Structures are given as structure tokens and as C-alpha cells.
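Hi,

Here is the structure we talked about.

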Amino acid sequence: MTRPELLKIEGISKSYPGVRANDDVSFAVGEGEVHALLGENGAGKSTLVKMIYGLVRPDEGKMTFRGAPYTPGKPGEARASGVAMVFQHFSLFEALNVAENVALGMENPPPMRELAARIRAVSEEYGLPLDPARMVGDLSAGERQRVEIIRCLLQDPKLLIMDEPTSVLTPQEVEILFRTLRQLSAEGTAILYISHKLEEIRSLCDEATILRRGKVVATCTPREKTARELAEMMVGATLSPPERHPGEKGEVVLGVTDLSANSPIPFGTSLKGVSFTVARGEVLGIAGVAGNGQDELLLALSGELRTGADKVRIGGHAAGDLGPADRRKAGLVAAPEDRYGHAAAPDMSLIENAFLTGALRRGLTRNGFIDWAATRTFAEEVIASYDVRTPGSHVAARALSGGNLQKFLIGRELDQSPEVIVINQPTWGVDAAAAAAIRQAILNRAAEGAGVVVISQDLDELLEIADQFAVLNEGRLTKPRPVQGLTIDEIGLMMGGAHGMEVAHHV
Amino acid sequence: MLRLEKRPTPSKFWLYATPVVAVLLTMIAGGILFGLLGKNPVAVIRTIFWDPLFGEFAFYLRGQLLVKAGPLILIAIGLSLGFRAGIWNIGAEGQYIMGAICGAGVALALYPTESRLVFPLAILAGALGGWAWAMIPAILKTRFNTNEILVSLMLVYVAETILAKASTGFLRNPEGAGFPGSRSFSSYTAASNPELIAGSGLHWGGVAALATGVAAYVLLSRHILGFQIKLAGQAPRAARFHGVNPERLVLLCMGLSGALAGLAGLFEVTGPAGKISIDFNVGYGFTAIIVAFLGRLNPLGIVLAGFLMALTYVGGEMAATNMGLPSAAIQVFQGMLLFFLLGVDVLTNYRIRSALMGAR
């Protein structure tokens, strides 16, 4: 298939202090082509697209767009040339409605009524139903993404960059998004699709450029490769799935009964009648699209959000009214999703961050005075046994990369001989090797007799490590089911289908 | 074009260098100000920074340094604990006044009892008075989520009104021929707070200030409570995850800073000021805010900053009387110190880069 060339990248390099984010990167995207940019976290995908979108200037190399030299100094210039981007993290104002949010992203917004009409027209044309008058705070993650996509489509782009668009979608929503993207591609809009989800890339993309440590390591046609081959090109090593030694299921260590709680987070989701139990040696995987009560569930389990005493039972004892310190004493450790500011204090050293949750179960205080020597030993033990790459235990948490910090934080919890482990998004933003290590460590703890709850948006991860599977949807938890024998379609239905999107593509 | 770039870890060098740079910049900008006012800038700066230590009247002025530094340090250390936790008690001046009134009130109520217990009782009452006054904004904050900055600040003016009432009304010296002001503590030995070593300026307040400095240092570096205070200020969500109860921390920090400010007030009124009078307070409670930041919210830094600030007070007064400078100019000078400190402080966490260097 030969397509006229739309974007050509030649020898692009970009360095940050201490890191070469992109090193002599070259590739080309044809008109109407769906081009995948594949690589692990930290491989340089984000830096590369930021340069194409004018957020970052390259140190070396040149770009050509529609045959002319292309050097966007800021996103406005990129948009004017016909490049649009949907970010992984949405930049939307929750207290404004859809049309107002779209208007805020435009240089010269038309009058509101005209804009609302155009939003409706575009949303119908591409099968992305969206009411311009709705408040963004009330929308699901999938719907918010539609706002971002429509915002881009209104500019009639020649190249649409999508950064990890499916991480917030249910399987059905992914299918509908792909239909939209294929339609755009058929109309001649090229799509630069960033992901590390291999099956998606195989089903959607025409070409793929694979990045590793800032360099292009391969260019291929994804349909002609297996997912495993793609993964090995991406990681640069052969991968083995985690080993499981399922132990005997013991007595119930965590019981949650009819747990309801209002969300302490603005525009959060309250929990509605959540019930489940976790036995010793068992891993319960909780799936769901972001914003369906995951953060709230973690807070209610960690003790930051208190409920009725008998709503949460740890080791048979009522614990719903206990704070985080008392729950740790009872044997429950928790790892929140947000590492920089919630699980860890970014400006504090790893030693201080080890103390943050380890103080109690590791006996790091005497009469209220901190035993810093013992705390340092604990921190260094975690650094050594979880292969945390850091110059030392004295560095600030924020100086570590996401994956390294996550290894430290998970290790900090797992090394407290817990009875119950609750983790939200254990491997979000973590590279494949580190993710595998984290999953293995979790499974090892379960094999030693801990009860584990893993909340994650990565279905593959849950299917890999969980024994029981449940879905959080709008604050309600489905009845846990054994993982064995579950199909992706069943999971999709448990996740609440496609949030009212089917209608759109029937027209 | 210059831009700021966040450092991966805070710079140790700038942490200690910022106060020095800020003092130097204040000298330069202050010198320009004094020059514009028609004075010889070098002479004024010399009068402020040199004469109190080594000049003609240094034998007297050096003692004055400790007299002024004592309450500043005592209050600033209390404030710094709250500031570290992100709790902004701006009303130390009011707590200082209320501590003085309560402590002096208890002592005067016992007049003329000559017992060794009078002074300790007065100290206790002083601390309690300051604590109670600080509890008002603290409880309003935890109960109704009011802003402690505004409430504590406004309570300063309430306290000043009560002070006026005290010195002209309920605490007025009955033998004072109707003049405002309470009995003098210098003639009531059981309750007085005399100079401990002649000429040094050291009274019990100074002892308390230095002891508090050491205690606060140990608290912050070794005790779990100090850890929680720092954590709550740096990462509030991580603090809740750790198990800190934010409301308890507000009550604790406000209470502690209030009690220390109250103590400072009691020591001042029974010592250097000598009696409750309508204007015995000279703004230590506000200046202590500058001292707390000048000392990097670090107890040992605050002790040094307290002496530096005392120097600008003593030297500033000299400059005002000897060289005819308006006292407002001296206050502007002290304000500059905080301004430059906060400005230069950016360098601890950021470095300046030129866009040209970044692009290469």
C-alpha cells in the first residue's frame, strides 16, 4: 500500500539532563495511515509526540509535514498546520459543560449556540454521542475522552495523535473508538497511535515504529507479527509470565459487608453496598474504568475514609471505624494509586518515606522517638530486595522514576509481613520488566498466606494474577467470580458495556 | 530568556546560603532607600548592623539584643511548627497579649503574697492564656472550616482592645493616682522576672527561648510528632495515609504556638516591660513571623534569625534616633528582609537556566 507521505521525521534527538529521551529517531507517516508508536514507559514516545505537537523543541533533526519543513514552536502552531492531539490525561474543567470546555481549547471560539450545533454534528458523524450542555464533572472517563476527540475533530486535522487512549475504556468502548478511528483514517486523516497494548495495535494499526530507550529498534506491519514478537521487540528481552504456586485457601482475612460511603473527592463516586471477602492466599482482582469508585474503595480499606465498624473486618475483627495506623496494626497494608503525594511524600527521602507506613509494623519508634538507623536499614532492605534503582536511600522520592518509586512503595508494604494487602494500580506507568517483578512479589506474598486485593484498570494484569474477579461500576461491585473460565465478553458486560454508546453506530 | 527549572532534590547549598544572600540584598536595597532619604547609606547600615555589637554603647546594647531576641525566638519557634504543617497562625501578637494579661492578672490577684509559687503560677497562666486565645481560630477551623489566617489576625485587634481595658480598668494600679498601667512588677519580687546575669539581658524568657529551640529541634528531627508535622505540610494526603488526624494537628500546632506566644508575653510584662500598659507590646508577634521564615522554619536557624532581627530592632532604633530616620523606614527595611528571603528562597528548589543553554 503506498500512500502520499504526510509527516516525515528525520534524525530527531532530544536530551534532558541525565537522559537521552530521543536518539536519532526517524520514521514517516502516510496520509490516512494509522501508525503505532510502540514502546515501554520511558522509551521516549511522549517526548517524541510532544515535539510533533510543538510542546518541546528537538535538539537535532528535522521534521517535514505535507512536504514543507515543520518546526512548531508551540501547540497553537501545530494545530494551525493540522496536527491535533488527545492526551492521556484530560485537561477538562469539571465544573464547566462540554461546549464551554471545547471553546476554551479554541483560539477563536464561535458563539456558544453555533459551537453546540457543530459539536452535535461532528459527534453524530463519527458515532460519538455527546450532549454539549452536560457538565463534564458528570461524564464517565470514556465520555470525557470523546470531548477531547471532538475538540480535535472540530479543527479538521490531517494528523491526530492519540496518547494511550484506551486505558480508560471498557472493551466495548474500545471497539467503538476503533470504528471512529478507522472511519477517520478512511477519510484521509492519519493517526499516530501511542500504546503499549499489543493486541490493540495489531487490530488497528497499519504500521508500527517501535522505540526502546529513545531509539527506533524496529519498524514493522503489526498484523504480520504476533503479540509476543512485538513485546519482545519492545522490551528487548524474552518475557516469561509470572509463576504461581497457589497455596491452600485459608480462613477469610478481609471481609467487606454492604459498604457504602460518600466520596470525599469532588466529583468522586460514592461506594454503594460493596461486599466481598478475601481468604488467606487468595488474590481478588477488581477491574473497572477509572473514576468508578476505585480511589474511594482504597480509601475505605486503608482507613483514610471511615465507615461503620462492622462494614470492614480484618482478621475477623471489626475495623471499619479504625484509622490507617490502627488498620496497619490489625495487619492491613495499602498502596494507593497516586505515588507522588499520596503513597509517598515527594520531597522526603526514601528513608522518611519508608517510615511513613513502616513505622508501626516494623517497630521503628521507641516511646515516640524515631529510630532512624533502623528505618534506614528497612529502606535499604526494600531497595535491595526489590531492585530499586537509586543512588541511595537519602534521595528524595520525586527524584525516582515512576517505576522505580513504585517498586520501592510496593516493597515497603509487602515487607511488613502483612495479613491483608490492598493495592490500587500496582503497575500503572511501570515498565514491563518492573511490572513483572511487582506482580511476582504480590503473588509470592499471597502464596505465603496474605489475602490480596488488587484494583487495576489493566485487564490482562488482573487475569494474570487474580483468583477471583469483580468489577467496580459506578461505585457498585459485581459479585466476585473465579477467573478461570471468564471470557473477555463477559468481563466487558460486567464492566457495564459501553456506557450508552451502542446507539450511535446503529444509525 | 531566563526560566526556572525544578531541581531533582532541594539544594543543600542554597538552603543555607539564602538567608545570607537575602541579608546582603536587603543591605543593598535598604542602602538605596536610605540614600534616597538623604542619609549616608554606609553610615546607616553600619549603625544598624555594627554599632550595637561593637560600637560605643555596645556594653548596653548587647544586653538589649537578648532582651529582644528572647521573645522573638520563643514565638517564632511555636509559629514555625504550625507553618511547617501548613497551619498559618498569624495572630501570635494577640496570643502574646492575652498571655501577658492572664499571667500578670494571676500574679496581681495574689499581690502582695510573697511566695515562691507566684511566678510559676503566673507562667502557667500566661501559657494558658495564649493557648486559649489560639484555640479560638483552631476550633473554628476544625469545626466550621474557617480560615485561621483571618480569624487569628482579627483576634489580635480584639486582644489589643482587651489590653486597653486592662491597663485603664481591671488591672490598673490602684495606687497609681489614676494613671493607666498596672502595678510595677519590679517592686513585686515574687512575680518579677529579673535579669539573671547583670548586663547580659538574660531573663527567664531568654532561658525558655533557648530551651524551646533545643526541644523543637529534637522534636522535628527525632520524634514521630515532628515527622507528622513536616509530612502534613509537605504532602497532606500522604499524611492522612500515614494516619495523621489533620484536625488534631491543627489543635496541637495552634495550641503550642499560642502557649509559647503567651509565655513570651508573660516574661516580657513581668521583666523588661515591667507592667501591663496600653502599649507594652511592640509587635514581636508579627516580627516573629519574619524570624520564623528567616530561620528557614528550623529551630536552630530561628535562634540565629532571632538575634539578627533583634539587631535590626536595636540598631534601627539607634539609626532612627541618632540619624533622624523615620521609624517607618526601619520597618520597610525589616520588611525587605522577608521579601528578599522569600524571593531568593526559590533557588532552593529551582535553578535558573537561560533558554539558550537549554536549547543547545
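B:Pro112 sits in the loop between α5 (92–109) and α6 of chain B. Helices here (H or I, at least four residues) and strands (E, at least two) are DSSP runs, numbered from the N terminus. The peptide bond between B:Tyr111 and B:Pro112 is cis, with omega about 0°. Most peptide bonds are trans.

**Ground rules**

This is a predicted model: local features need pLDDT of at least 70, side-chain atom pairs count only at pLDDT 80 or more, and totals for chains, interfaces and linings use all residues. Residues are numbered from 1 along each chain as its sequence is written, chains are lettered from A and ligands numbered from 1 in the order in which they are written, and side-chain values use heavy atoms, with hydrogens and water left out.

**Two helices crossing in chain B**

Look at helix α6 (residues 118–144) and helix α11 (residues 246–270) of chain B. Their axes come within 6 Å and cross at roughly 145°. Axes are lines fitted to C-alpha atoms, for helices over the stretch in contact, and angles run from 0 to 180 degrees between N-to-C directions. The crossing of α6(B) and α11(B) is right-handed. By class, the contact of α6(B) with α11(B) has 17 nonpolar, seven polar and two charged residues. Nonpolar covers Ala, Val, Leu, Ile, Met, Phe, Trp, Tyr, Cys and Pro; charged covers Asp, Glu, Lys and Arg; the others, Gly among them, count as polar.

Which residues of helix α2 (residues 41–49) of chain B are buried? They are B:Val44, B:Ile45, B:Thr47, B:Ile48 and B:Phe49. Buried means under 20% relative accessible area, exposed over 50%, partly exposed in between (1.4 Å probe, protein chains only). The cover over these residues includes α1 (12–36), α3 (51–54), α13 (299–323) and α14 (327–349) of chain B.

B:Leu341 is buried, with a relative accessible area of 1%. Leaving aside neighbours within four places in sequence, B:Leu341 is in contact (heavy atoms within 4.5 Å) with B:Thr18, B:Pro19, B:Ala22, B:Phe293, B:Leu294 and B:Arg296.

**Positive phi, once in each setting**

Most residues other than glycine have a negative phi. A:Gln425 is not a glycine, yet has a positive phi of about 55°. A:Gln425 lies in the loop between β19 (420–424) and α14 (432–447) of chain A. B:Ala177 also has a positive phi of about 55° and is not a glycine. B:Ala177 lies in the loop between α7 (148–168) and α8 (204–222) of chain B. Are they buried or exposed? A:Gln425 is buried, at 4% relative accessible area. B:Ala177 is exposed, at 69%.

- A:Ser167 lies in the loop between β7 (159–163) and α6 (171–186) of chain A. At 18% relative accessibility, A:Ser167 is buried. Not counting residues up to four places away in sequence, A:Ser167 touches A:Gln88, A:Lys197 and A:Gln457.
- A:Ser203 is in helix α7 (residues 198–204) of chain A. A:Ser203 is partly exposed, at 35%. Beyond its neighbours within four places in sequence, A:Ser203 is in contact with A:Phe178, A:Arg182 and A:Arg223.
- A:Asn404 lies in helix α13 (residues 402–414) of chain A. A:Asn404 is buried, at 11%. Not counting residues up to four places away in sequence, A:Asn404 touches A:Asp387, A:Val388 and A:Arg389.

**Where the chains meet**

Chain A and chain B bury about 2,300 Å² between them, 60% of it on carbon and sulfur atoms. Buried area is the accessible area (1.4 Å probe) that two parts lose on being put together, summed over both. Chain A gives 34 residues to the contact and chain B gives 24. In chain A, A:Met348, A:Leu356 and A:Arg398 lose the most area to chain B, together 23% of what that side buries.

Best wishes

Note on methods. A crossing is left-handed if the near helix is turned anticlockwise from the far one by less than a right angle, and right-handed if clockwise.
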